[in-house]
Amino acid sequence: MARLRGEPVTARARCSSCDYESMHPTYAAASTALFAHYDTAHTDRPAPAELHQLPAVEWHRQALQAIHALAATGEPFVIADVQKYGVTDPPQPRTDWPKVTAEAEQLGWIEHCGYAKSTRPTVRGSAVRQWRGTFAVRRAS
Ligand SMILES: [Zn+2]
């Protein structure tokens, strides 16, 4: 699996209600640990809202990093190729994929360059947009 630039080796799970703290290899693992901590140590109150958003925020960050890495190669790609960088399906696939794609385009990282057959098993064979890193991204990498 390709390593993402800036990917942290460890993620800290820190409770905002007590001094509980632990280190984990991924944000997903840290999020899981915090939920487990709340389930055992703070049964009197619900987990904070930001904890519930953590998986989506983390997916968005990973997906954007992977798109940037794909753009930097200069080769045409489809968004599902982010899976090569270990990015899994998003929490809300129908809206999260288009959202992160549009964001990368607005950031000036990628440009539409044609259509390709989808590589995703769920929509096998259907045409999906193909993208390419912009000159600015390729030059900076
Ligand atoms: Zn706590």
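Leaving aside neighbours within four places in sequence, leucine 70 is in contact with Phe77, Asp81 and Val82. Contact means that two C-beta atoms, placed from the backbone, lie within 7 Å. This is a predicted model: local features need pLDDT of at least 70, side-chain atom pairs count only at pLDDT 80 or more, and totals for chains, interfaces and linings use all residues. Residues are numbered from 1 along each chain as its sequence is written.

Leu70 also belongs to the largest nonpolar core, which has 17 residues. Ala63, Ala66, Ile67, Leu70 and Val82 have the most contacts inside this core. Helix 2 (49–73) and helix 3 (93–106) are the elements that give two or more residues to it. Helix 2 gives the most, with 7 residues. A nonpolar core is a set of buried Ala, Val, Leu, Ile, Met, Phe, Trp, Tyr and Cys residues joined through C-beta atoms within 7 Å. Buried means 20 or more other C-beta atoms within 10 Å of a residue's own; exposed means 12 or fewer, and partly exposed lies in between.

The protein chain has 4 helices and 4 strands. From the N terminus the order is β-β-α-α-α-β-β-α. Helices (H or I, at least four residues) and strands (E, at least two) are DSSP runs, numbered from the N terminus. Of the 141 residues, 21% count as buried. Among contacts between residues at least 6 apart in sequence, 50% join residues at least 24 apart.

Helix 3 has 14 residues and should span 20 Å at 1.5 Å a residue; its end C-alpha atoms are 20 Å apart, which agrees. The expected span is 1.5 Å times one less than the number of residues. Its two sides compare as follows.

Glycine 108 follows helix 3, with a positive phi near 80 degrees.

Proline 25 sits in the loop between strand 2 (21–24) and helix 1 (27–41). Proline 25 is exposed, with 11 other C-beta atoms within 10 Å. Its C-alpha is 6.0 Å from that of alanine 11, 14 residues away in sequence.

Mean pLDDT, the predictor's confidence in each residue from 0 to 100, is 81 for the chain, and 79% of the residues score at least 70. Confidence is lowest in strand 1 (residues 11–14), at a mean of 78, and highest in strand 4 (residues 127–133), at 92.
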